[in-house]
Amino acid sequence: MTAGHRIIVPLDVSSREEAIALLDRLPDVEFWKVGLELFVSTGPSILDELKQRHKRIFLDLKFHDIPNTMAGACRAAGRYGVDLLTVHGVAGRTALQRALEAAREGAESVGLSPPNLLAITLLTSLNSRDLAFDLKVPVELPEYTLQMALLAQESGIQGAVCSPQEATQLRRVCGDEFLLVCPGVRPTWAEGGDQRRVMTPQEALKAGASYLVIGRPITAATDPQGAWRRIIDELTG
């Protein structure tokens, strides 16, 4: 897999018009993430636009609810023909298993391949102090993310979303086939923003990431296409 195939760029905008403008400015990007803000604003029409452009889609809606509701949401999302779909690992084993089954049912009902489900381990905006003092979770952050990933894997989920700082441990324990999608990836020349657990693209791939989610260093750049090419060049140089 080439460097370009392993970078997912978020369409973190609030309208279809802004999304189309960004797609037009970054024609070489093959894999796009659609999150809550854009999906709530546009509905699935933005997914149709991406498919018409022959793009791969990471639908990052982070479902977290009771098992029956998770299953219903994933069954509906399975019909969209996306490549990746997120659920929260903390929803629990039953919800994860039901979500996986339902996503497969939804996709097969319209003759599509089911999406790979990814479990959120811990949001990259949170750090060890947040976990201990705000969320009152009495385990260390690396142990917590590992347990969430293992729960997901044992439930049949195909991968996890994690900080690149946890990728090495998760790759070692969960094996080569388990997908690891890492936000919190920033080139040395970009600002960290609200991500708390960050790593450079080169470091993240070396740590074991399958895919890198890189947003503002590209999308907020004066020249987005130039920033994209700079990251690709750094990864392949």
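Author: Eight strands form a closed barrel in the order S1-S2-S3-S4-S5-S6-S7-S8, with parallel pairing. On average, neighbouring strands of this sheet are turned by 25 degrees against each other, direction ignored. Bear in mind that this is a predicted model, where local features need pLDDT of at least 70, side-chain atom pairs count only at pLDDT 80 or more, and totals for chains, interfaces and linings use all residues. Residues are numbered from 1 along each chain as its sequence is written, and side-chain values use heavy atoms, with hydrogens and water left out.

Reader: Why is S4 called mostly covered?

Author: Buried means under 20% relative accessible area, exposed means over 50%, and partly exposed is in between (1.4 Å probe, protein chains only). In S4 (residues 84-88), five of its five residues are buried. Leu-84, Thr-86 and His-88 are on one side, Leu-85 and Val-87 on the other, and both faces are covered. In a regular strand the side chains alternate between the two faces of the sheet.

Reader: What makes Val-34 buried?

Author: Its relative accessible area is 0%, so Val-34 counts as buried. Val-34 is found in strand S2. Contact means heavy atoms within 4.5 Å; beyond residues up to four places away in sequence, Val-34 touches several residues, including Leu-11, Phe-39, Ile-46 and Phe-58. The C-alpha atoms of Val-34 and Phe-58 are separated by 6.2 Å, though the two are 24 residues apart along the chain.

Reader: Why is the pair of Phe-31 and Tyr-211 called edge-to-face?

Author: Rings of Phe, Tyr and Trp (its six-membered ring) pair if their centres lie within 6.5 Å; planes under 30 degrees apart count as stacked, over 60 as edge-to-face and the rest as tilted. The structure holds two aromatic pairs. For Phe-31 and Tyr-211 the centres are 5.5 Å apart and the planes at 75 degrees, so the pair is edge-to-face. Phe-31 lies in S2 (residues 31-35) and Tyr-211 in S8 (residues 211-213), so this pair ties together parts that are 180 residues apart in sequence. Phe-31 and Tyr-211 are buried.

Reader: Which residues does the "active site" annotation cover, and how do you know whether Lys-62 is buried or partly exposed?

Author: The UniProt annotation, from an unreviewed entry, covers Asp-60, Lys-62 and Asp-65. Such positions are given in the numbering used here, with shortened feature names, and annotations may be inferred rather than shown by experiment. Lys-62 sits in strand S3 (residues 56-63) and has 27% relative accessibility, so Lys-62 counts as partly exposed. Leaving aside neighbours within four places in sequence, Lys-62 is in contact with Thr-86, Val-87, His-88, Ile-120 and Leu-123.

Reader: What about Asp-65?

Author: With a relative accessible area of 40%, Asp-65 is partly exposed. Asp-65 is in the loop between S3 and helix H4 (67-78).

Notes. Two strands pair if DSSP finds at least two bridges between them. Helices (H or I, at least four residues) and strands (E, at least two) are DSSP runs, numbered from the N terminus. Axes are lines fitted to C-alpha atoms, for helices over the stretch in contact, and angles run from 0 to 180 degrees between N-to-C directions.
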